Amino acid sequence: MTSTVHKHILDNGLTVLLKPVYNTPIINWRVLYRVGSRNERTGQTGISHWVEHMMFKGTPTWPGGVLDQVISREGAHWNAHTFIDFTAYYETMPADRIDLALQIEADRMTNALFEEEEVASERTVIISERQGNENSPTFWLGEEVTGAAFRVHPYHHEIIGDMADLETMTRDDLYGHYRRYYMPNNAIAVAVGNFDPDRMLARIIELYGDIPTGELPPPVLRPEPEQRGERRVEVRRAGQTSFLKIAYKAPRAADPDWFKLAVLESVLAGPSGMGGGSVGNKTSRLYRELILTGLAAGISCSLVPTVDPYLMEFNVVVREGRTLEEAQAVLDAQLERVRNEDISEAELHKAIKQARALFAYSTESVSDQSFWMAFCENFDSYTWFENYVANLSAVTVADVRAAAEQYLDPRRRTVGWYIPENEGAAQ
Amino acid sequence: MTTANPIPGPDDVLRRVLPNGIVVLARENFAAQSVVISGSLPAGALFEAPQQAGLASFTASTLLYGTHNRDFETLHETLESLGADLDFDAGVHACAFGGKSLAEDLPTLLDLLGDALRFPTFPSDHVERYRGQLLTGLQIRMHDTRYRAGQAFRALAYPAGHPYARSADGTLDTVPDLTRDMLAAFHAHHFGPRGLIIAIVGAVPAEEAIETVEKALGDWTNPAQPEEPPLPPITPLKGVRREDVAVPGKTQSDIVLGVPGPSRRDPDFHAARLVNSVLGLFGMMGRLGETVREEQGLAYYSYSVVEGESGPGPWRVSAGVNPANVERAVESIVHEVERIASEPVSAEDLADNQSNFTGQLPLQLENNEGVATAILRMERFELGLDYLRTYAGMINALTVEDLLRAAETYWKPGAYALAVAGPDSAEA
């Protein structure tokens, strides 16, 4: 997998990252726009995600219905995803057919139609997507916890958006958002796979070089004020299972402290996968104290690399017959322990070895590599991914303790309880 | 051995049958530092009585909870300190396992695999704890509309008592009664080298990988291991069988509509997959996506799939819709299904889908796991090691008539099973 990344910035501001990988017959092409739900204002929540849907509805060159036929015929796996910090589109294709992907992404960077009737039909699809999410208890809990944790910063709302906005946003709102954020100087384009980098760059310049530079949208300037006390939310809805979520304010990914918390995540709840494979968490502290003691049916931790400071979240599925109070007491004790005592050297070494393995798994596929390069370039630099194992390996036991003391401060957290209401339980 | 051809074939997959019957297949890939194992043995839910539903799955899930050589702590400390992973899971036909590690740790990974497969002790305390987790998981699923629709569909589409009619995971009624001794007996009887297949793909020389398997499992025998029982016959559906499942407090309804489809070994399997692609996969989910999602805006998702494995698995359509739109969506789905089973697809549709299938093949082989899964499937269904190399020829030989024949064989007019799970009508 060792190969050089070629980075270029075109005259119009488009960032291009090229990584040739010669042992594969395919190429992944990805265009990431620096716009996600963090760029949305009240009244237009969910607009980035909806715009993503509209990007599949055609351009004058590739009308709706034709676009997906044309690309599927070539055997492509293609899709898009909207995150809090970005919206990205990708195609994985046999290497000799990749030109089509390059053409399609260049075309829809500026020429998407956003036809009125397509917007109307997609409104119900999007509402249906939100309703599908609402069928899950953890969606309701997550939405409330995130909303309580961020009062000012637009990380406040879910990517899917609030129902009130999904019902009222107009075609012009959507098209305006597209014109504001979709431009070469607000985008990162990545190719990983079997190609000659010089020829690939020449073709990218040919297709993307003439797309005009746009006026960069204003930066997001609503930082979340420091939280100075615990916040609590409850969700009472149908079900028979209780869920606990505790979210602490975490640093942004470009902050060196982020890696210290990544070690802590690994020690407490097992490491997060990087695509391509995972590692179990049965020796993690929370598994031992919550699962092996019969208090919980599941535990997890999530620490996502983000542009602005986000959250480190601990999740517990409480076992039938046990209570939220019991589960939280044990979780609190474990979180307090890492603030008061050093983790062991053995735990640190295990976290580092796990990171090394997970990193190796993620390099098996060109799609995973392309994802990480674009993802990291957005919040820092593609080298963040390349240096991941080295940065994690530099963390010391004392660093972890200091990070726990600072970030796992109960005054910086939001506690969420999903309390099942049993009336009309499913039969 | 070289892996210059990205499509695995007889010249770069080393296949060896060990004296005890285990089949090992190895393929080298030195592009990343990792290695993957993927395997299966015939110890699925097919071997359990209906009142013991979930026994095979419970057994598989607790193999790594303690062995004669290592306790729970040691097993998982060994795995996790290497950044390795090993999982067992039983479906209807087989207990499947998968593992992953850095190449340097393959001997340890295979040693743990051998230990778990051969010497599990099913410690009572861990079994009870896992039962609690399992029951909580099943409780959560009782409130999951997709799961409930899928379960109700299976019970409608297959005869009562057929293993395909029930979940291999068991139910809230059966799981509490599965004892630790039942798990141990199921293991003693059904786990053995016969029918065991292991594929290994990654940065390890193929010969060395096979020798390592031989060291871990080469001397394993189990004369008690029974033959796989034949599947009970299925009777074609006559008319519409429908069930509506009320799940309180939900905002979306899930629909599953389908019939028993072809098995992986049926000669019309590829024709069925290809015509299914026209119906509910190609582009943005085929004709179903076009009408139900795009034109009518009824659903966030609407697609169809041919599940076919060792037996006549479902050929089903799934959709998630607003509760108010259920009947309209069902009507559209039925219309598209009847159309695909009565009118030939166009030559253009055929060509587009053939091109999609052949173009997608290398994408499915993008990582070690994809390659290992493909190799395992070739062995399990006796497709031959040149299967992937001849795949494009097979797909391109299919005709419009082949596709129509496959669709009419399984989809008879007005005969299907339909399950809808969502809020009850008073709520919606």
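What follows is a dialogue on how elements of this predicted model are packed and named.

Trainee: Why is helix 8 of chain B called roughly perpendicular to helix 11 of chain B?

Mentor: The axes of helix 8 (residues 269-280) and helix 11 (residues 347-364) of chain B cross at roughly 110°. Angles of 65 to 115 degrees count as roughly perpendicular, so helix 8 of chain B is placed in that class relative to helix 11 of chain B. The two axes come within 10 Å.

Trainee: Which residues make that contact?

Mentor: Helix 8 of chain B contributes B:L274, B:S277 and B:V278, and helix 11 of chain B contributes B:D349, B:N353, B:N356 and B:F357. By class the contact of these two helices has three nonpolar, three polar and one charged residues.

Trainee: What makes helix 3 of chain A roughly parallel to helix 8 of chain A?

Mentor: Helix 3 (residues 99-110) and helix 8 (residues 197-208) of chain A pack at about 30°, and their axes are 9 Å apart. Angles under 35 degrees count as roughly parallel, therefore helix 3 of chain A is roughly parallel to helix 8 of chain A. The crossing of helix 3 of chain A past helix 8 of chain A is right-handed.

Trainee: Which residues of helix 3 of chain A meet helix 8 of chain A?

Mentor: A:D99, A:L102, A:Q103 and A:A106 of helix 3 of chain A meet A:R203, A:I204, A:L207 and A:Y208 of helix 8 of chain A. This contact has five nonpolar, one polar and two charged residues.

Trainee: Why do strand 7 and strand 9 of chain A stand at the edges of their sheet?

Mentor: The sheet is open, with five strands in the order 7-11-8-10-9 and mixed pairing. Strand 7 (231-238) and strand 9 (296-303) of chain A each have a single partner strand, so one side of each lacks a neighbour in the sheet. On average, neighbouring strands of this sheet are turned by 15° against each other, direction ignored.

Trainee: How do you know that strand 9 of chain A pairs with strand 10 of chain A?

Mentor: Pairing requires at least two bridges. Strand 9 and strand 10 (residues 311-318) of chain A are joined by seven bridges, in the antiparallel sense. As one of the bridge pairs, A:C301 has A:F314 of strand 10 of chain A as its partner.

Trainee: Which helix of chain A lies across strand 9 and strand 10 of chain A?

Mentor: Helix 9 (residues 257-269) of chain A does, running at about 170° to strand 9 of chain A. Helix 5 (residues 137-149) of chain A lies across strand 7, strand 8 (243-249), strand 10 and strand 11 (413-421) of chain A, at about 155° to strand 7 of chain A.

Trainee: How many residues do domain 1 and domain 2 of chain B bring into contact?

Mentor: Chain B is divided into domain 1 (14-217) and domain 2 (240-422). In the contact, 28 residues of domain 1 of chain B face 34 residues of domain 2 of chain B. Helix 5 of chain B gives the largest share of the domain 1 side, nine residues. That side has 14 nonpolar, ten polar and four charged residues. The C-alpha centres of the two domains lie 28 Å apart.

Trainee: How many residues of chain B are in contact with chain A?

Mentor: Contact involves 57 residues of chain B and 59 residues of chain A. On the chain B side, helix 4 of chain B supplies the largest share, nine residues. By class that side divides into 20 nonpolar, 27 polar and ten charged residues.

Notes
Residues are numbered from 1 along each chain as its sequence is written. Chains are lettered from A and ligands numbered from 1 in the order in which they are written. This is a predicted model: local features need pLDDT of at least 70, side-chain atom pairs count only at pLDDT 80 or more; totals for chains, interfaces and linings use all residues. Axes are lines fitted to C-alpha atoms, for helices over the stretch in contact, and angles run from 0 to 180 degrees between N-to-C directions. Helices (H or I, at least four residues) and strands (E, at least two) are DSSP runs, numbered from the N terminus. Angles under 35 degrees count as roughly parallel, over 145 as roughly antiparallel, 65 to 115 as roughly perpendicular and the rest as oblique. Two residues are in contact if their C-beta atoms, placed from the backbone, lie within 7 Å. Ala, Val, Leu, Ile, Met, Phe, Trp, Tyr, Cys and Pro count as nonpolar, Asp, Glu, Lys and Arg as charged, and the others, Gly among them, as polar. A crossing is left-handed if the near helix is turned anticlockwise from the far one by less than a right angle, and right-handed if clockwise. Domain bounds come from an automatic or database domain assignment.
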